[in-house]
Amino acid sequence: MNCNVAVMLMHDYLDDELPHDDIAGLKAHLDSCPACRTRMEQLEQTEALTHRMMDTHFVVTAEQSSQLTQRIMSSLPVKRRRTGSGFSRWVRNHPAVSVAAVFVLVMFSSFLAMWQQDSQLAVRGPDLAEVVIKGDTVTVPAGAHINGDLTVENGKANVLGEVDGDVTVISGSLYEASTAHISGEVKQIDQALDWFWYKVTTSISSLAY
Amino acid sequence: MISVEARLARLALQGDQRAFAEIVELYQDKLYHMAYRMLYNRQEAEDVVQDVFLRVYKNLERYDATMKFSTWIYRIATNLCIDRLRKRKPVYSLDAESGEHEGLDGYAMIPSDNRTPESELLLSDTQRIIHQAIATLPAKYKSVMVLRYLEELSLQEIGDVLEMPVTTVKTRVHRGREFLRKKLEHKL
């Protein structure tokens, strides 16, 4: 065994971390190497002396001890801040959840605000040439043919002709004449939540394309 | 099962001063002893202990009951002691060995206070030598050695207290032990 290795094993041995098999190896080396034997003795002596020195010759009288206790207790801030309430502690312990909750709240309230503010008539669709807008009524005249979807926000939709696509009415009403022909889906959205969902899905699908 | 300390901490958090006094009583002497072994100065050791409890009091609500209370409080105490050792000579590093005196570093130059508990007793030469050797240990070894020999913590526990990997703790124990061995080699 190399002496450098032996020194490492000596330290492990003193740390109580030397596997049993290696103890025999170390012992064999110590038997054959006087230098390492001396080193081991010195280390053991150091170990014992350090232990003893750290532990003893330190006298704290009961009086000193109680004086220090008094000093500590009187140095504490008298009034504790009332931070221990359940809510603030919960927030402090769950930062990620708190941030997420605040985020959702802000998003939701801004959507709600948009929902309430938005009272302007809006008509959307790829083909609006034949659509007639009068006041808050959006009419698809009889005989007209609209290629694509039609979306009406905050107004009445009056479908007399043909729509080759979906018709969506948001916070408004829809009148369908018997002559009307709508090839796609007809959707009426009145509830804030439906509207919210509609906004989310349309913005996500517009992102996707 | 919840530890005594964690229970006392909760009571103290609710404003029970007596519960906090019990925590102080449990740890005060241990911490004082430890701080003294790190700083070798009674006044400073007392200041550190006071500081430790002040911090514990202020941060009680941040105590994580899954961690051992002793680990937490020793961590605060060792950090404060190391801070103090660093502040003693801000101009140059204490760990650097000085050129003129072989094997002596900044710590050896600092006059230790006369009112040491050791001086109140009659020390043998051997004890004086080992005392001197421990006093001159560089700070990063000293904290490890104090926790190892005084508090008799395991390497893993020392790693938890000092927030370092066990391998680092091991290396420091080995180097610290060799440091002491060399200091004592020709004197004993």
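User: What makes β4(A) and strand β7 (residues 162-164) of chain A a pair, and in which sense do they run?

Analyst: In this predicted model, 3 bridges join β4(A) to β7(A), and the two strands run parallel.

User: Why are β4 (145-147) and β10 (181-182) of chain A said to stand at the edges?

Analyst: The open sheet to which they belong has 3 strands in the order β4-β7-β10 (chain A), with parallel pairing. β4 and β10 of chain A each have a single partner strand, so one side of each is left without a neighbour in the sheet.

User: Which strands form the open sheet of 4 strands, and what is its pairing called?

Analyst: Its order is β2-β3-β6-β9 (chain A), and the pairing is mixed. Both senses can be illustrated. β2(A) and β3(A) pair in the antiparallel sense over 3 bridges, whereas β3 (residues 137-140) and β6 (residues 156-159) of chain A run parallel and are joined by 4 bridges. Since at least two bridges are needed for pairing, both pairs qualify, with 3 bridges in the antiparallel case and 4 in the parallel one.

User: Which strands are the edges of that sheet, and what is the average twist?

Analyst: β2 (132-134) and β9 (173-176) of chain A are the edge strands, as each pairs on one side only. From one strand to the next, the twist averages 15°.

User: Which residues stand opposite V138(A)?

Analyst: Towards β6(A), the bridge partner of V138(A) is A157(A). I133(A) also stands opposite V138(A).

User: Which residue takes a positive phi in the hairpin of β2(A) and β3(A)?

Analyst: That residue is G135(A), with a phi near 60°; the hairpin has 2 residues between the strands.

User: Turning to the chains, why is the meeting of R71(A) and E46(B) called a salt bridge?

Analyst: The N to O distance between their side chains is 2.7 Å. The cut-off is 4 Å between a side-chain nitrogen of Lys or Arg and a carboxyl oxygen of Asp or Glu, so this Arg and Glu pair meets the criterion. Across the interface of chain A and chain B the rule finds 9 salt bridges, and over all chains the count comes to 15.

User: How do you know that E178(B) and R39(A) qualify, and where do they lie?

Analyst: Their side chains meet at 2.8 Å, N to O, and the limit is 4 Å; the pair is therefore a salt bridge. The pair crosses between chains, from helix α10 (residues 166-185) of chain B, which holds E178(B), to helix α3 of chain A, which holds R39(A).

User: How many residues of each chain are in contact, and how much area is buried?

Analyst: 36 residues of chain A are in contact with 48 residues of chain B. The area buried between the chains is about 4,500 Å², with carbon and sulfur atoms giving 58%. The interface also holds 20 residue pairs in polar contact, both at pLDDT 80 or more.

User: Which helices of chain A supply residues to the side that touches chain B, and what classes are present?

Analyst: α1 (3-14), α3 (34-55) and α4 (62-75) of chain A each supply at least two residues. α3(A) gives the most, with 12 residues. By class, this side of chain A has 14 nonpolar, 12 polar and 10 charged residues.

How values were computed. Residues are numbered from 1 along each chain as its sequence is written. Chains are lettered from A and ligands numbered from 1 in the order in which they are written. This is a predicted model: local features need pLDDT of at least 70, side-chain atom pairs count only at pLDDT 80 or more; totals for chains, interfaces and linings use all residues. Side-chain values use heavy atoms; hydrogens and water are left out. Contact means heavy atoms within 4.5 Å. Buried area is the accessible area (1.4 Å probe) that two parts lose on being put together, summed over both. A polar contact is a pair of N or O atoms within 3.5 Å; within protein, one must be able to donate a hydrogen and the other to accept it, and residues adjacent in sequence count only if both atoms are side-chain atoms. Ala, Val, Leu, Ile, Met, Phe, Trp, Tyr, Cys and Pro count as nonpolar, Asp, Glu, Lys and Arg as charged, and the others, Gly among them, as polar. Axes are lines fitted to C-alpha atoms, for helices over the stretch in contact, and angles run from 0 to 180 degrees between N-to-C directions.
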